[in-house]
Amino acid sequence: MTAINLSFDEMWDIFVTCDHTYDGLFFTAVKTTNIYCRPSCKSRKPKKVNVEFYFDRKEVERAGYRACKRCQPELAYSPHIILIKDTITFLVNHSKQTLLLKDIANHVGVSPFYLERVFKQETGETPRTYLEKIRVDKAAQLLKNTNRTNLEICYEVGFQSPSNFYKVFRRRKNCSPSEYRNQISKELVE
Ligand SMILES: [Zn+2]
């Protein structure tokens, strides 16, 4: 299976915001407690330096971690988990490209109609809105960690037009890209 292409900081942000839509795609392991969790676990968050991420449950257990009693990451997810996992991995790894629903469906081997229905049922998003979310999350990373302009970031993360970038960013983050960057730099100063 293809590994999902997410950086440490991206996974950290997902973990800190308890984003459940990435459950099953990676695991969070805490070195100080030897416990591993789903990204969405609501337990108190450890320090960043004490966290490791794993993509495979066998691997995290081999490294000596035990499953968290609270979020039970060892339990099977829905019967559709493989399909959802394949789809999200494909979306993350190809988020900079123009993707059509039929291409995504083709890649995971089901019909576009079926994919859209099951994906919506499992994640509350369509593949298209999920792709927007991935792009906005990547843009947020770049706004936080680089000096690139909004326009550069817009194209770098895969948006086709600045107006669409601004609209989608605001819908997801409740502020403009510039406001987001200002907020973050203020937080860092304080
Ligand atoms: Zn947990």
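Colleague: Before we look at anything, what should I know about the numbering and the model?

Modeller: Residues are numbered from 1 along each chain as its sequence is written. The model is predicted, and local features need pLDDT of at least 70, side-chain atom pairs count only at pLDDT 80 or more, while totals for chains, interfaces and linings use all residues.

Colleague: Thanks! Where do labels such as H and E come from?

Modeller: They are DSSP runs, numbered from the N terminus: helices are H or I with at least four residues, and strands are E with at least two.

Colleague: Let's start with a helix, then. How many residues does H6 have, and what distance does it reach?

Modeller: The expected span of a helix is 1.5 Å times one less than its number of residues. Helix H6 covers residues 127-145, which is 19 residues, and from first C-alpha to last it reaches 27 Å, close to the expected 27 Å.

Colleague: Which residues of H6 are buried?

Modeller: Here is the rule: a residue is buried if 20 or more other C-beta atoms lie within 10 Å of its own, exposed if 12 or fewer, and partly exposed in between, with C-beta atoms placed from the backbone. The buried residues of H6 include Tyr-130, Leu-131, Ile-134, Val-136 and Leu-143.

Colleague: At what angle do H6 and H8 pack?

Modeller: Axes are lines fitted to C-alpha atoms, for helices over the stretch in contact, and angles run from 0 to 180 degrees between N-to-C directions. For H6 and helix H8 (residues 162-173) the angle is about 85 degrees, with the axes 10 Å apart. Angles under 35 degrees count as roughly parallel, over 145 as roughly antiparallel, 65 to 115 as roughly perpendicular and the rest as oblique. H6 and H8 are therefore roughly perpendicular to each other.

Colleague: Which residues meet there?

Modeller: Two residues are in contact if their C-beta atoms, placed from the backbone, lie within 7 Å. On the H6 side you find Glu-132, Lys-133, Val-136, Ala-139 and Ala-140, and they meet Val-168, Phe-169, Arg-172 and Lys-173 in H8. By class, this contact has 5 nonpolar, no polar and 4 charged residues. Ala, Val, Leu, Ile, Met, Phe, Trp, Tyr, Cys and Pro count as nonpolar, Asp, Glu, Lys and Arg as charged, and the others, Gly among them, as polar.

Colleague: And how do H4 and H5 pack?

Modeller: Helix H4 (residues 101-108) and helix H5 (residues 112-123) pack at about 90 degrees, and their axes are 9 Å apart. That makes H4 roughly perpendicular to H5. Leu-101, Lys-102, Ile-104, Ala-105 and Val-108 in H4 meet Pro-112, Leu-115 and Glu-116 in H5. The classes here are 6 nonpolar, no polar and 2 charged residues.

Colleague: What is in the loop between H4 and H5?

Modeller: Val-110 lies in that loop. Val-110 is partly exposed, with 18 other C-beta atoms within 10 Å. Leaving aside neighbours within four places in sequence, Val-110 is in contact with Leu-83, Ala-105 and Leu-115.

Colleague: Now the sheet. What is the order of its strands?

Modeller: Two strands pair if DSSP finds at least two bridges between them. This open sheet of 4 strands has the order E3-E1-E2-E4, with mixed pairing. Its edge strands are E3 (51-54) and E4 (66-67), each pairing on one side only. Strand E1 (residues 27-30) and E3 pair in the antiparallel sense over 4 bridges. Val-30 has Val-51 as its bridge partner in E3, and Phe-27 has Tyr-54. E1 is also joined by 3 bridges to strand E2 (residues 35-37), again antiparallel.

Colleague: Which residue in the hairpin of E1 and E2 takes a positive phi?

Modeller: Most residues other than glycine have a negative phi. In this hairpin, with 4 residues between the strands, Asn-34 takes a positive phi near 60 degrees. Asn-34 is exposed, with 11 other C-beta atoms within 10 Å.

Colleague: Where does Asn-174 lie?

Modeller: Asn-174 lies in the loop between H8 and helix H9 (177-189). Its phi is near 60 degrees, a positive value in a residue other than glycine. With 9 C-beta neighbours inside 10 Å, Asn-174 counts as exposed.
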